[in-house]
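Take a look at the model below.

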Amino acid sequence: MAKKSLRGAINAHCKGCVYDSNAPGTWLAQVSLCPVTECPLYEVRPTTESIPDSVYEYYGEEIPQKSIVRSKKALEGRFSEESRPKEARQGDTA
Ligand code: SF4
């Protein structure tokens, strides 16, 4: 049997502890929003910053402020000049 990594073991434990496949959010999002701060694994639980606002709202959590870069991209739209590959932009000469 292959030896499990410590990270893998913690991830699996947290997923088994809190993940509800019938609730909104991926297992990683749900573990990120784990409210049990007194748990010995809390500080080392796997987390993600990629959590939809609807998931924060479902769990009654405050939606974190978006980074300036993320907000700027949202305002400019998905296919703004800055989001295009550099090579594609270099071919544009009007
Ligand atoms: S940090 Fe503790 S309480 Fe939270 S999901 Fe992991 S094991 Fe469960």
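## T48, a residue in a loop

T48 sits in the loop between α2 and α3. Helices here are DSSP runs of H or I with at least four residues, strands are runs of E with at least two, and both are numbered from the N terminus. This is a predicted model: local features need pLDDT of at least 70, side-chain atom pairs count only at pLDDT 80 or more, and totals for chains, interfaces and linings use all residues. Residues are numbered from 1 along each chain as its sequence is written.

Is T48 buried or exposed? T48 is exposed, because 12 other C-beta atoms lie within 10 Å. The cut-offs are these: 20 or more other C-beta atoms within 10 Å of a residue's own make it buried, 12 or fewer make it exposed, and anything in between is partly exposed, with C-beta atoms placed from the backbone.

T48 touches L28, A29 and S32, leaving out residues up to four places away in sequence. Contact means that two C-beta atoms, placed from the backbone, lie within 7 Å. Take L28: it is 20 residues from T48 in sequence, but their C-alpha atoms are 6.5 Å apart.

L33 counts as partly exposed because it has 18 C-beta neighbours inside 10 Å. Residues up to four places away aside, L33 touches Y59 and E61. From L33 to T48 is 15 residues in sequence and 9.3 Å in space, C-alpha to C-alpha.

Q30 belongs to helix α2. Why does Q30 count as buried? Q30 has 22 C-beta neighbours inside 10 Å, so it counts as buried. Its contacts, beyond four places in sequence, are V18, Y19, D20, A23 and G25. Q30 and T48 are 18 residues apart along the chain, and 9.5 Å separates their C-alpha atoms.

## The whole chain

The chain has five helices and zero strands. Along the sequence, the pattern reads α-α-α-α-α. Of its 94 residues, 7% count as buried. Among contacts between residues at least 6 apart in sequence, 37% join residues at least 24 apart.
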